[in-house]
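Subject: Structure handover

Hello,

Here is the structure I promised you. Please open it and keep it on screen while you read my notes below.

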Amino acid sequence: MPKIPHRLYLTEDQMPRQWYNLRADMKEQPDPMLNPQTLKPVTEQDLYPIFCEELAHQELDETNRYIDIPEEILEEYMIYRPSPLIRAYNLEKSLDTPAKIYYKFEGNNTSGSHKLNSAIAQAYYAKKQGIKRLTTETGAGQWGTALAEACSYFGLELDVFQVKCSYEQKPFRRAIMEVFDANVTPSPSMTTEAGRKILAENPDTTGSLGCAISEAVEKALTTESCRYVLGSVLNQVLLHQSIIGLESKTAMEILGEYPDIVIGCAGGGSNLGGLIAPFMQDKLTGKANPKILAVEPASCPSLTRGKYAYDFCDTGKVTPLARMYTLGAGFIPAANHAGGLRYHGMSPILSKLYHDGYMQAISVQQTDVFDAAVYFAQKETILPAPESAHAIRAAIDEAIKCREAGEAKTILFGLTGTGYFDMTAYSSHRAKTMQNYIPTDEELEKGFKSLPKIKGIQK
Ligand SMILES: *Cc1c(COP(=O)(O)O)cnc(C)c1O
């Protein structure tokens, strides 16, 4: 057997030319998104004021299995893709595990994350429709950066509402977005009705993704030639992120490998949905049966402790209603929770797959995540994003189980990005001042109270 290389990059000819739409192979579809006014399933036309037309189409497309990636998008993908599939030899050795550990590394672009894969697609379709301006929210900052890169590439104006606590904690994130000419506003802000309302009720709020989304959507609806874009949760985003899984699967085929376990961190579900897409296809069509594992923070546990219910995607309750695992749009995670993965809900596609038993989920606490991040950095030389380190934690734990059971499983996990802007958190971990925060049932109850009551559908 030839030795498996440390890093495998596909050649440009081997790269996927189509995205894969997981919904085409799902036995049952996620429940339809509802129009918040009529409470009827949304139509493409309902979405046109918020999303550009092609993206509204992709959002509701349950049938087209493969969708061509336009040439202009491929050209920009080629600047930073393919991303490498890496065999974590050193990590395996130091864990003394018979398991084979692979990771797909998406941090090799300026956003430091996988988010650029969808940012490029969303900016491209807006440009093609003649839209001049986009708005969005960003939490940790990777999405805002990715979209700023994409908007600058395609010549679009961009307004980013950045969750206030992260705007204050990470000034260099904002500086990078400004390099790409984005306008960045801390959220909640006084520039929108939604922001003013949230501030009137709660003047000291550190903000949340849900608030920032309300502001960005309002700005899009009230500004000429402007649309809103979102970096996770949506079906279209999972579609664009399928490039991660498709590249991974091809690379593993070249190596003669197939994962027994596929692991990803889960915030809104986009990297996980993208990474697992072709493996989930095998599962849905009976070709293979890998274990699929979502890893979320114990401080924001939508899959493991949330309710599978219709909810708003934002705090201001202006977006369509989606049925998903959610902590309630009113849920605000603890400010001491360091990196990303702070969203109250979860992709409706992943929620449905989880609900139907096709995947598993666990939650992990912050100090254990950073222990894994530091261990990984020292063995594999990449400083992981805290979000990605949730997946690392689970991969290490699975590899240790393999050692104890003497089983040589093949593990694949998504290393979604790098953590250069999270050094405050790394330092507090090192100084042992980092705290774990696990909401009590009573605290979660408050978020659940914010779930909408929908006549005939939800009490
Ligand atoms: C945004 C982000 C995540 C989480 O978002 P998902 O939509 O759940 O993938 C994970 N890792 C990094 C580096 C991110 O930037």
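Start with helix 6, residues 142-154, in this predicted model. Helix 6 has 13 residues. From its first C-alpha to its last it reaches 18 Å, close to the 18 Å expected at 1.5 Å a residue.

Is helix 6 mostly covered or mostly open? Mostly covered: 11 of its 13 residues are buried. The buried ones include Trp-143, Leu-147, Cys-151 and Phe-154. Gln-142 and Glu-149 are buried too. Remember that an α-helix has 3.6 residues a turn, so residues three or four places apart point the same way.

What covers these buried residues? Several helices take part, among them helix 3 (71-80), helix 5 (116-128), helix 8 (171-179) and helix 16 (386-405). Strand 6 (133-138) and strand 7 (157-163) are also part of the cover. Just after helix 6, look at Gly-155, which takes a positive phi of about 70°.

Next, the empty space. Rolling a probe the size of a water molecule over the atoms shows where empty space is left.

The structure holds 8 cavities of 30 Å³ or more. About 460 Å³ of space lies in the largest cavity. Its lining has 31 residues. Nearest its centre are Lys-115, Leu-209, Ser-232, Gly-268 and Leu-341. Helix 6 turns up again here: along with strand 6, helix 10 and helix 12 (270-284), it supplies at least two residues of the lining. By class, that lining has 11 nonpolar, 16 polar and 4 charged residues.

Now the largest pocket. It holds about 330 Å³ of space. Of the 17 residues that line it, Lys-197, Ile-198, Glu-201, Thr-315 and Gly-316 are the closest to its centre. Helix 9 (193-201) and helix 10 (209-222) are the elements that give two or more residues to this lining. Which of them gives the most? Helix 9, with 5 residues. The pocket lining divides into 6 nonpolar, 6 polar and 5 charged residues.

Last, the sheet. Strands of a sheet pair through backbone hydrogen bonds, either parallel or antiparallel. Here, 7 strands form an open sheet with mixed pairing, in the order 1-4-5-15-10-11-14. Strand 1 (7-8) and strand 14 (360-364) are the edge strands, and each pairs on one side only. Then find strand 4 (residues 85-87) and strand 5 (residues 100-105). These two run antiparallel, joined by 3 bridges. Ile-86 stands opposite Tyr-103 in strand 5.

Best wishes

How values were computed. Residues are numbered from 1 along each chain as its sequence is written. This is a predicted model: local features need pLDDT of at least 70, side-chain atom pairs count only at pLDDT 80 or more; totals for chains, interfaces and linings use all residues. Side-chain values use heavy atoms; hydrogens and water are left out. Helices (H or I, at least four residues) and strands (E, at least two) are DSSP runs, numbered from the N terminus. The expected span of a helix is 1.5 Å times one less than its number of residues. Buried means under 20% relative accessible area, exposed over 50%, partly exposed in between (1.4 Å probe, protein chains only). Contact means heavy atoms within 4.5 Å. On a 1 Å grid over the protein atoms alone, a cavity is a set of points where a 1.4 Å probe fits but cannot get out, and a pocket is an open set with protein on both sides within 12 Å along at least five of seven lines; lining residues have an atom within 4 Å of a point. Grid points are joined across faces, edges and corners, and a volume is the space filled by probe spheres set on the points. Ala, Val, Leu, Ile, Met, Phe, Trp, Tyr, Cys and Pro count as nonpolar, Asp, Glu, Lys and Arg as charged, and the others, Gly among them, as polar. Two strands pair if DSSP finds at least two bridges between them.
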